[in-house]
Amino acid sequence: MRLDFEAQPLTEDDETIRVHLEGVPLAPLVASVAHLTGDYTLLADDLRPDPSKVVMIGDEGYSPEQLERGRNRVADALIRFRNGGCTPGPQPDAGQLRALIEFIGGPLHDEHLRLFEEELALGGIDHRAPSWSVSSLAPGRSLTAAVIGAGMSGIVAAQRLRQAGLAVHVFEKDSGAGGTWFENAYPGCRVDVPNHLYSYSHAQTPHWPQFNSTQPVLLDYFRTCVAAFELEDAISYDHEVEEAAWNDDKSVWSLRIQDAAGGVTVHEVDVVVSAVGQLNRPSFPDIPGVESFEGVSFHSARWDYDVAYEGKRIAVIGSGASAVQFIPWLAERAGHLTVYQRTPPWLVPIFNYHDDLPPNLIWVLRHLPEYARWDRLALFSRLQEGLLPRTFVDPDWDLSSGSVSAENEEIRQALTSYYDFAFPDPVLRRKVLPDYPFGAKRMVVDSGLYSSVLQSPNVTLETEAIAEITPSGITLRNGRTAAYDVIVYATGFAASRFLAPMRVTGRNGMDLHARWAGDARAYLGISVPGFPNFFLMYGPNTNIVVNGSIIYFSECQAHYIGECIRLLLERDATALDCRPEVHDAYNDMIDTATRARAWGVSDVSSWYKNEHGRVAQNWPFNLFEYWRRTKQVDPDDWVLL
Ligand code: NAP
């Protein structure tokens with residue numbers, strides 16, 4: 001994956017230019033060409049989408065006449081640009097930049113504008129690089145940091161801390177970087193979030209091959225970032241941190257690390273960043289007999305490519321995002337495939353989910369420098385709220401109706417119409433149609449492939465509960481049995497067991513898991529009182545489920561952790577520890593908001609909830625709110641040691 005933005009020269013004739021703009025999303029096209037050519041008359045009111053009709057992505061909000069008019073004006077501007085020798089316009093002044101960004105995002109107050117500028121990273125400017133360094137704030141002082149995990153969060157944390165001048169070492173349990181994209185290599189694995197958004201703001205690329213890229217492409221992207229951020233020499237692969245212990249006397253963290261050969265080393269550092277991910281410890285079901293099965297069985301995150309699947313009797317247990325992605329691949333090979341579904345997910349149709357980028361869009365991405373950034377900003381602008389408002393609970397709504405508000409009901413009805421279309425057989429449709437509110441559980445993308453595969457002659461959807469796994473197969477509670485050659489567990493991850501199986505002890509020997517007692521909480525999802533200089537990434541209540549990209553959270557967290565260290569240096573302290581009352585008030589606020597979201601009121605089973613029934617995963621607000629809270633560190637939130 002290349003990260004360069006080098007554009008190809010614009011030499012095509014007028015007609016070719018016009019043809020290549022067909023079907024390209026208009027708002028980012030207008031902004032990128034106004035920016036490129038310096039022709040700000042393009043930002044005309046009659047080329048703005050109707051905000052009330054913009055729901056998610058693409059050209060929603062534009063009438064066909066507007067689209068035609070807009071693309072013609074853009075083509076005219078590009079033709080003039082080409083005729084003038086392709087000389088770019090001057091860089092926009094502050095007013096022009098605001099006009100460009102507001103063309104995409106609508107009217108913005110100053111703080112929003114700053115966030116949008118950061119996300120846009122026009123010209124490749126890395127706005128989030130630390131503006132300070134250890135040597136500038138505390139000459140003569142050195143600080144060491146360990147980052148645990150070289151996945152999407154650990155990579156950016158290590159980069160930021162290094163940029164600030166800390167001596168950083170990354171310990172990664174796997175044999176390569178990439179985290180979830182390293183471990184989940186099952187067939188069909190790909191990202192649900194549009195790719196230009198699912199990438200670091202400061203490491204964008206116009207070279208994504210698809211709207212939603214596949215696991216190998218994403219793995220390649222993160223490896224490229226490791227190289228581009230010059231982190232390779234900082235990472236020890238096959239090194240698992242088993243234990244992190246705070247030493248009260250020395251004010252350092254002591255890490256006990258095991259390598260692949262079983263060797264154990266101890267490493268002392270001032271700061272620890274845990275970037276161990278959340279959805280990566282496979283969870284096997286508590287069904288009796290799991291160990292007794294004599295055929296091949298494995299978890300979806302540990303895919304076995306050595307099995308000859310052709311003609312086999314295969315069972316898949318689970319029907320979440322992972323299962324839906326690999327079931328088409330298995331169905332193509334299996335003699336017979338049975339999908340054991342406990343709770344149907346809401347299937348959301350995205351028909352271009354598996355598609356390559358169309359040639360016109362590729363042409364625009366290659367010829368219009370920075371179009372990719374404007375396209376990414378358009379995605380960010382729309383997905384920063386995404387479907388979140390549609391998950392808000394109306395206190396006067398009848399919750400037994402299967403929805404939580406009029407807006408939520410609207411989605412339920414729209415999706416139900418999709419089910420009518422995708423599942424013509426009423427018996428199957430009844431089995432797959434959820435009865436819980438949209439948003440209460442992780443939605444799953446269907447390009448039309450999964451829904452059609454469920455109707456293949458060699459596929460059965462089984463909704464009877466499983467009683468036990470036997471040496472030869474599966475027995476249902478109704479007594480029916482079926483024999484299998486292969487069982488694939490698509491049963492998800494131990495999401496609520498944050499940081500497990502690592503043992504973490506803080507001040508006075510306090511054990512983190514004992515403190516949490518199965519109910520993980522942290523201030524901003526980042527800090528736990530009693531664990532000084534220990535920072536979490538992708539910690540409790542920082543998962544987004546209906547809006548945005550999780551990479552945005554990693555960037556915000558990396559920035560905030562840097563700002564904490566900055567405070568520590570400015571105050572000449574050795575450590576900072578979050579104030580318990582700040583932590584508690586924050587978590588009360590999260591819980592109150594959660595109770596007003598679909599996932600907070602529904603009793604449907606989901607990994608959002610922990611063993612206490614509390615939602616410890618989801619961020620209940622929009623993206624701006626997390627940025628606002630992590631932009632600066634409030635010294636009053638911390639005890640300085
Ligand atoms: P998951 O969403 O937790 O789904 C687990 C499935 O296993 C559910 O259908 C669950 O049923 C079922 N299950 C669990 N225990 C069971 C039992 N004892 N008996 C029968 N069924 C059982 O796991 P996942 O599909 O691996 O996805 C996890 C998360 O990873 C996703 O929600 C998503 O956030 C992320 N992910 C993302 C992508 C992507 O971006 N494309 C792809 C894959 C995963 P119930 O629903 O009844 O609990």
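Two residues are in contact here when heavy atoms lie within 4.5 Å. Keep that cut-off in mind as you move through this predicted model.

**Stop 1: helix H18**

Select residues 580–594, which form helix H18. Its 15 residues reach 21 Å from the first C-alpha to the last, close to the 21 Å expected at 1.5 Å a residue. Now colour Val582, His583, Tyr586, Asn587, Ile590, Asp591, Ala593 and Thr594, which are buried. They sit on the same side of H18, because they cover an arc of only 165 degrees around the axis. An α-helix has 3.6 residues a turn, so residues three or four places apart point the same way. What do the buried residues of H18 pack against? Show helix H16 (512–516), strand E20 (576–578), helix H19 (598–601) and helix H20 (623–630), and you have the partners.

**Stop 2: helix H7**

Next, select residues 152–163 for helix H7. Its twelve residues should span 16 Å at 1.5 Å a residue, and the end C-alpha atoms are 17 Å apart, which agrees. Ten of the twelve residues are buried, so H7 is largely enclosed by the rest of the structure. The buried set includes Met152, Ile155, Val156, Gln159, Arg160 and Leu161. Just after H7, stop at Gly165, where phi is positive at about 95 degrees.

**Stop 3: the ligand**

Centre the view on the ligand. Which of the 26 residues around the ligand come nearest? They are Arg190, Ser322, Arg342, Thr343 and Lys441. Helix H10 (residues 321–333) gives the most to the shell, with three residues.

- From a backbone N or O atom of Arg190 to a nitrogen atom of the ligand: 2.5 Å.
- From an N or O atom in the side chain of Gln325 to a nitrogen atom of the ligand: 3.0 Å.
- From a backbone N or O atom of Ala490 to an oxygen atom of the ligand: 3.2 Å.

Taken alone, the ligand exposes 910 Å², and the protein buries 85% of that.

**Stop 4**

Go to Leu115 in helix H5 (residues 110–120). Leu115 is buried, with a relative accessible area of 0%. Beyond its neighbours within four places in sequence, Leu115 is in contact with Arg128, Phe380, Tyr552, Phe624 and Trp627.

Then select His20 in helix H1 (residues 14–21). With a relative accessible area of 18%, His20 is buried too, since the cut-off is under 20%. Leaving aside neighbours within four places in sequence, its contacts are Asn360, Trp363 and Val364.

**Stop 5: backbone details**

Most residues other than glycine have a negative phi, and most peptide bonds are trans. Here are some exceptions to visit.

- Cys86 lies in the loop between helix H3 (64–83) and helix H4 (94–105). Its phi is near 60 degrees, and at 27% relative accessibility Cys86 counts as partly exposed.
- Ala517 lies in the loop between H16 and strand E19 (534–536). Its phi is near 50 degrees, and at 45% relative accessibility Ala517 counts as partly exposed.
- Pro501 is in the loop between strand E17 (486–489) and strand E18 (503–505). The peptide bond from Ala500 to Pro501 is cis, with omega near 5 degrees.

Methods:
Residues are numbered from 1 along each chain as its sequence is written. This is a predicted model: local features need pLDDT of at least 70, side-chain atom pairs count only at pLDDT 80 or more; totals for chains, interfaces and linings use all residues. Side-chain values use heavy atoms; hydrogens and water are left out. Helices (H or I, at least four residues) and strands (E, at least two) are DSSP runs, numbered from the N terminus. The expected span of a helix is 1.5 Å times one less than its number of residues. Buried means under 20% relative accessible area, exposed over 50%, partly exposed in between (1.4 Å probe, protein chains only). The arc is that of the directions from the helix axis to the C-beta atoms. A residue is near a molecule or strand if one of its heavy atoms lies within 4 Å of it. A polar contact is a pair of N or O atoms within 3.5 Å; within protein, one must be able to donate a hydrogen and the other to accept it, and residues adjacent in sequence count only if both atoms are side-chain atoms. Accessible areas come from the Shrake-Rupley method with a 1.4 Å probe; for residues, only the protein chains shown count as cover.
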